[in-house]
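These are my notebook entries on one protein model. I wrote down what I looked up, in the order I looked.

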Amino acid sequence: MIKQPAYLKKGDKIAIVCPASKLPRGIDSALQIFESWGLEVVMGKTVNAEYHQFAGDDTLRTEDLQGFLDDPSVKAIIAGRGGYGCIRIIDALDFSLFVEHPKWLVGFSDITVLLCHVYAQFGIQSIHGPMPYTFDDATPESLASLKAALFGEEIKYNYQPSLLNRNGDMNGVLIGGNLTLLVMTIGSASEVNYDDKILFIEDIGERPAAIDRMMRMLKRAGKLAKLKGLIVGAFNELPDEKIHFGQCVEEVIWEVVKEYEYPVWFNFPVGHIDDNRAMVLGTIVTLTCV
C-alpha cells in the first residue's frame, strides 16, 4: 500500500542535509525561498562539513540524516545536493520511526537511491525535485513545482514533445530518477518493482554507449517490458567521444524500447537542467500524449 506523507503547511519545520557530496558554496538564497514559503528551516551538520568529496565521513552523514528521520517535528528532509555518497550509507539507516511518521524526502541525482529505497521497502512517496544547491539557476516553474508538490497543490505540466514520441495516454504509479542509480539498485534492497509503472529517467555526463549499456541492462533485468509508459528527461553534458557511437541519446533509448507498445515521451523537463520539474514518486499520474 502506498503511503503519502502529510503535505506541508505554513509554520512547518524542514531540514536540509547533505547525505552525499559536500556543498561547494552557500545556499542562503534557497533558505530565503523556503522561509518565504512560511517554513522553518533547520540545517544539518553535513551542510558545512567536508571529508574529501563528501559532506562529512560516512558516519557523520548517516547520523545527520538519521536524526532527522527520527525527529517527528521535521516534516520534510531536503537534500542540499547530490553528487555521490548515498549508496555508502543507505544500509546503515534505520527507517523504523520514519515509517511510523512518514515525511517528504526531496532530491534528485544521487538521492535517487534514497527515494527508491523508501518506496521499494515501505511504499512511501517522495519527491524527485530541485535541491538548494540548484536553486540559484532553477526556473520559476521548477521552484513552483517543488512548492506545489510539498504543499499538496495541483501539479499539471505541459511541454514541447520530441518528434520521436510514441503518443498515447498513460495512467499509473510514477517511479524513476537518475538512470545510473536506478541500474545500481538492481538486486539490492532499494530495487523498485517496475511492473505496471510509469518510469521516468534522466542522467548527466554519460556517453551514448554508457546509456545504451544501462538501458539494455534494464531490459535484460525485465524492467522495461511491463511498463505502462516511459518518460525520458534530460540527458545532458555528454562528454566528447573519440569514436562516434552512431546514435544520439534519443535514438539509443528508442532502439531499446521500440518493440513495446506503451507511450514514450522524450524531452521532458526533468533532470540536471534549470527547468527541473518536481516528480512525486509513488503517486498515481495521468499523462496524455497528443
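Predicted model: local features only at pLDDT ≥ 70, side-chain atom pairs only at ≥ 80, totals over all residues.

Entry 1, a helix on the strands. Which strands does H6 lie across, and at what angle does it run to S4? I found that H6 lies across S3, S4, S5 and S10 and runs at about 165° to S4. Helices (H or I, at least four residues) and strands (E, at least two) are DSSP runs, numbered from the N terminus. Axes are lines fitted to C-alpha atoms, for helices over the stretch in contact, and angles run from 0 to 180 degrees between N-to-C directions.

Residues are numbered from 1 along each chain as its sequence is written, and side-chain values use heavy atoms, with hydrogens and water left out.

I traced an open sheet of six strands with mixed pairing, in the order S2-S1-S3-S4-S5-S10. Two strands pair if DSSP finds at least two bridges between them. Strand S2 (40-43) and S10 are the edge strands, each pairing on one side only. On average, neighbouring strands of this sheet are turned by 25° against each other, direction ignored. Helix H1 (residues 28-36) also packs on the sheet. I saw that H1 touches strand S1 (13-17), S2 and strand S3 (74-79), and that its direction makes about 145° with that of S2. Contact means heavy atoms within 4.5 Å.

I then looked at one pair of strands. Strand S4 (residues 104-107) and strand S5 (residues 126-128) run parallel and are joined by two bridges. Val106 of S4 has Ile127 in S5 as its bridge partner.

I needed the rule here: on a 1 Å grid over the protein atoms alone, a cavity is a set of points where a 1.4 Å probe fits but cannot get out, and a pocket is an open set with protein on both sides within 12 Å along at least five of seven lines; lining residues have an atom within 4 Å of a point. Grid points are joined across faces, edges and corners, and a volume is the space filled by probe spheres set on the points.

The largest pocket holds about 750 Å³ of space. I counted 32 lining residues, with Ile155, Lys156, Tyr157, Thr286 and Leu287 nearest its centre. Helix H6 (140-151), strand S10 (279-281) and strand S11 (284-288) each give at least two residues to this lining, and S11 gives the largest share, five residues. The lining has 20 nonpolar, nine polar and three charged residues. Ala, Val, Leu, Ile, Met, Phe, Trp, Tyr, Cys and Pro count as nonpolar, Asp, Glu, Lys and Arg as charged, and the others, Gly among them, as polar.

The second largest pocket has a volume of about 370 Å³. Of its 21 lining residues, Phe108, Tyr133, Thr134, Ile204 and His272 lie nearest its centre.

The largest cavity has a volume of about 50 Å³, and helix H5 (112-122) and strand S6 (169-178) each give two or more residues to its lining. The second largest cavity also holds about 50 Å³ of space. Val106 turns up again here, among the residues that line the second largest cavity. That lining is made of ten nonpolar, no polar and no charged residues.
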